[in-house]
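Welcome! Open your viewer, switch to a cartoon view, and let's take a short walk through one part of this fold.

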Amino acid sequence: MNTKLLTLLFIIFSTSVLVSDDLMNPTSYSKDLYQIPILDGTYKDDITHPDEFLGFGIGERVAAPWQITSALKQWSTQSDRIKIIEYAKSHEGRPLHAVFISSPDNINNLDEIKSDLSALSDARNINDRQAKSIIDKLPAVAWMAYSIHGNETSGADGALAAIYHLIASTDDDVLNMLNNMVIIVDPLMNPDGRARFAKSLEQYRGTAPNYDDQSLLHTGDWPYGRTNHYYFDLNRDWFYLTQPETKGRVKLINEWRPQILVDGHEMGPQDTFMTGPPREPINKNIDTDLIKWGNVFAQDQGNAFDERNWRFYTGEWHEDLYPGYSFYVQFRGTLGILYEQSRMAEDGVRRPEGTIQSYKESVHHQYVSTLVNLESLLNNSKEMYRDYWDGRKYNVSKDSEYANQTFVVLPTDNNTRLNTLANKLKAQDIELFQNTKDIKVENVTLQSGQLVTNYTIPAGSMIIPNRQPEAPLIAAILEFDADIDSDVLVEERQKSLKSGSSIMYDTTAFNFTMMYGLDAVTVDEHVDSNLETWKPSPVASEITEDAVIWATNGEDDNSVAFAARLMEQNVEVRIIDKESTLSDHTLPRGSVVVLQMDNPDIINLQNLVKTVSNELNISVVSIESGFGPEELPDWGGRHFRLLERPHIAMLSHEGFNSYDVGVSWWSLDHHLGIRHSLINASLASYGDLRRYNTIIIPSGRAIDDYTIDTLLEWVSQGGTLIAHNRSTRFLTSENGIGSVKQLQNTFDESENYNFDLLREIYSQYENVDKDKTNKNIVDFGISYPWEELDGALSESDLKSRDKWQSIFMPSGSFVAGRIDNEHWLTFGTPNTIPVLYSNLPILMARSYVDTPVRIGQMVTNNEIEEPRVINWSSLPAGNDLNVRMSGLVWPEASQRIANSGYLTRERIGDGQVILFSGEPNFRGATLGTNRLWLNAIVYGPGLGTRDRITP
Ligand SMILES: [Zn+2]
């Protein structure tokens, strides 16, 4: 053995000593999977390469939000091709940036470009010649946005690469592009969700790369990274505008009116890559020019993928009916382009054919798509501007399909809700008006679908004539029904019958007024006289010291927060459960009152009332006398009911629907702002539940039998338990709580349920035949509602029908809820409330349970001379029942859910159980049913449980 070899052996031994607790090296690295560089241009030296910010090669791993932010900040000091604008801060305080990239000349000229775009959007102010000269000088404008779902990470990494490429490249093609184009990159639309997912990537990383898409590294865990801080899906929020990320972003997009908006997502890991254009159903208010352009862009993108041997497809599951995706921009004339890259985060994923697709390749797909789309825009920008201008002219012309269409929101005392609606509409540049005098019109359509002739629009309505620049968007979000083609319906019905599947990707009903539970009509003419610009009703409080009562109007949603926030500050608060008139002030049922006499120990009570009403922007009146004239309630009587402060817990975590948990949590913070605890559901069986008098169980399947027993005990001792959707399904199953059942378990006693229902219906009848009543001789001609029935169904008929009807349940449509207008749960609610319905538990309750909201609006129809049967229930002569309000509700489904409960309330021991069949706070936008939920939480402990006197 020579000495050289000896030395070598020595070195090998000395460096490879491994002790048993050393971390082993993996046998291979994921960064070696994909060797093609993403950034392959020639670049300026004075712009920092992204690899330096990241500490790894771009696309090799997921960049954390802070890394992206620090890169942007650094680049904005290094380059004159870039300007960054912080358009919002997330709930967790992370900045959201729009990155403007263009030639230095254009960057210095952004304000003028923006104002030209704005001028081009309003065809009432400029003519064709002026439009042409604007189009001639305008650069193309693109909005490129990524990773709105936080765990769909490749988009933001691709965006980071693209930003660098555009600001650092010395290539002539890039310089030419920047001379003729403003590129706005929104690299990170959901930083909180991405931060959550990036954290879980750190936490679940082991030594070796992991290509198994079932591992925690790939899936993350509850509530997952898709959503934002309050678990909202930000890609459903684009016109409901409930989240700060969306509010800031939409404001800036609407100011800029880009020609295209790219929205880079990811989908299932075993998929490939999908882009637009969408397939049917497509919302009818989208300009067909955009579908034409969608094909042009898809063709170019497809060619680029072909060249690189990358698989892709278009259409398939990508439909476009719901206007709350990023594609809301299409209704404003912007082409929306969707990317769906299969999800690789972060090493890569093993596929059925045995190959591993790497994360870096998925980032490369996003990057190439981005640059190809920009190139297509560069080539077609002028022609797209000309199409855009034609569209804008059409929207304001008297010949458009929208020209003779006016949306009217009827007057209401619910100022908080109406102002919220106005705020959302204005954010979309929609022009709002109001009428000071009544306006007579010929034909209107009510929300029930009923047509009414010679209608009077009452003074004080909100009026939106649809001959204005954003007409298609207005129609999309305010029309009562989105039109769906017959052949789409055929396909949907066939799919339901064959396999129980659906081609509807989202809800089929979404219009604003029904979401908000605001009464509205559509007029089929252009209403434009006697209008003034809409403005909010003034808040006029007179809070005088010598008043005996201070009161706020119970129709306003913020009256609930008024009660809640005062109670949290130890003020005793009452609510009037019947309409009253005190000192000439009319107070509807549900009005919240503070009595000086109830609160002898609170110094400065008057100031406290003032502060809270100011925070909530609601009017408070001062009342000098507690005397209600004639039959009306007086302040010492039983209609002035004492409330009890809610101490709230909400069950959460694994097993619960994170959207429902999140939106309910969000509502507590945004609609009440009072203290509450989210608790891990597993704690419910051993924690100290006596701290709470109100427990919310969001939709889910996370409660076991032991927890149910504990909750039952807690309810009996005076608790208010509130459950939603799937948890309601569980509570109404065999091992549940209370006596409410689901429809399919009641067919053996249908007659009893119908008997109770008829009692309820007849209790609303207002006419009595006095002569007949006062006859002394026994009347042998009395008719009993159930005896006249033809065609009552047997138990086995009902079962078969139910099985068939259950195939056709809706997937997010509005049905009419009729309310018990004497029940405290319906304070602030009109007689008919649109209820968002899907495959929900169908609730059945006997008369000893309250059913404050039932499905079906009773409509008088004197042509109906006989009572009629609907499944288990029956309808007296002289009545029709409206069930469907908006969206796809098959007639079989209408029959199935007719007369069932949407909301029930049952006393158990000293407490109560309140069951919502659905999710009352859906997307933070169903303000109609949200009010029922707020009533349950804030008024439940005082009005629905046994009063307790603490010794
Ligand atoms: Zn997505």
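Start by selecting residues 549-552, which make up strand β18. This is a predicted model, and in it three bridges join β18 to β23, with the two strands running antiparallel.

Now widen the selection to the whole sheet. In what order do the five strands lie? They follow β23-β18-β22-β19-β24, with antiparallel pairing, and the sheet is open. Color β23 (621-623) and β24 (640-642): each has a single partner strand, so these two stand at the edges and one side of each is left without a neighbour in the sheet. Direction ignored, neighbouring strands here are turned by 35 degrees against each other on average.

Your last stop is helix α18, residues 558-568. The axes of α18 and α27 are 10 Å apart, and the helices pack at an angle of about 20 degrees. Because angles under 35 degrees count as roughly parallel, α18 is roughly parallel to α27. The crossing of the two is left-handed.

Which residues make the contact?

- from α18: S559, V560, A563, A564 and M567
- from α27: R931, L934, N935, V938 and Y939

Color them by class, and you will find seven nonpolar, two polar and one charged residues in this contact.

Methods: Residues are numbered from 1 along each chain as its sequence is written. This is a predicted model: local features need pLDDT of at least 70, side-chain atom pairs count only at pLDDT 80 or more; totals for chains, interfaces and linings use all residues. Side-chain values use heavy atoms; hydrogens and water are left out. Two strands pair if DSSP finds at least two bridges between them. Helices (H or I, at least four residues) and strands (E, at least two) are DSSP runs, numbered from the N terminus. Axes are lines fitted to C-alpha atoms, for helices over the stretch in contact, and angles run from 0 to 180 degrees between N-to-C directions. Angles under 35 degrees count as roughly parallel, over 145 as roughly antiparallel, 65 to 115 as roughly perpendicular and the rest as oblique. A crossing is left-handed if the near helix is turned anticlockwise from the far one by less than a right angle, and right-handed if clockwise. Contact means heavy atoms within 4.5 Å. Ala, Val, Leu, Ile, Met, Phe, Trp, Tyr, Cys and Pro count as nonpolar, Asp, Glu, Lys and Arg as charged, and the others, Gly among them, as polar.
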